[in-house]
Amino acid sequence: MYAMERSVARAIYADVLDDMQDIGYLEPDLAAYYVQKMEELGWDVSGDVFDGSRPRTPGERARKERQEEVTLVLRIHPSRLSQWMHRFVQGEVLFSFAGSRPSEYFDPEW
């Protein structure tokens, strides 16, 4: 169960980071969609699971022509069983992923 939940969390992280790279920021509807999916899995998403991610608004959008990057931070509290197993394996109860990639978004007016 622990390995499956961690794999799903990693897949969500990869999907969101790919989308961020394409559009240049963490779009609120995209974030809400994934938060809903994580809730459906029974994970605790009561806080901001994307805290530390940037940019988060269209006005701050990272642009390829400026060689800017998007950064995604994802912290998830999985199911109780996975939290217990993760504490045993990693010493913590949280799945945490972070990384940056160059933006692929080109400003159409550039």
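Helices here are DSSP runs of H or I with at least four residues, strands are runs of E with at least two, and both are numbered from the N terminus. Ser-53 sits in the loop between H2 and S1.

Before going on, the sources. This is a predicted model, where local features need pLDDT of at least 70, side-chain atom pairs count only at pLDDT 80 or more, and totals for chains, interfaces and linings use all residues. Residues are numbered from 1 along each chain as its sequence is written, and side-chain values use heavy atoms, with hydrogens and water left out.

Back to Ser-53. The Ser-53 side chain reaches the backbone oxygen of Phe-50 at 2.8 Å and the backbone nitrogen of Val-73 at 2.9 Å. Leaving aside neighbours within four places in sequence, Ser-53 is in contact (heavy atoms within 4.5 Å) with Leu-26, Thr-71, Leu-72 and Val-73.

Now helix H1. Its buried residues are Tyr-2, Glu-5, Ala-9, Ile-12, Tyr-13, Val-16, Leu-17, Met-20 and Gln-21. Seen down the axis of H1, they fall within an arc of 165° (taken from the directions from the helix axis to the C-beta atoms), so they line one face of the helix. These residues pack against helix H2 (28-40), strand S1 (69-76), helix H3 (80-90) and strand S2 (95-102). On the face turned away from the buried side of H1 are the exposed residues Ala-3 and Met-4. Just after H1, Gly-24 has a positive phi of about 90°.

Definitions and conventions. Buried means under 20% relative accessible area, exposed over 50%, partly exposed in between (1.4 Å probe, protein chains only). A polar contact is a pair of N or O atoms within 3.5 Å; within protein, one must be able to donate a hydrogen and the other to accept it, and residues adjacent in sequence count only if both atoms are side-chain atoms.
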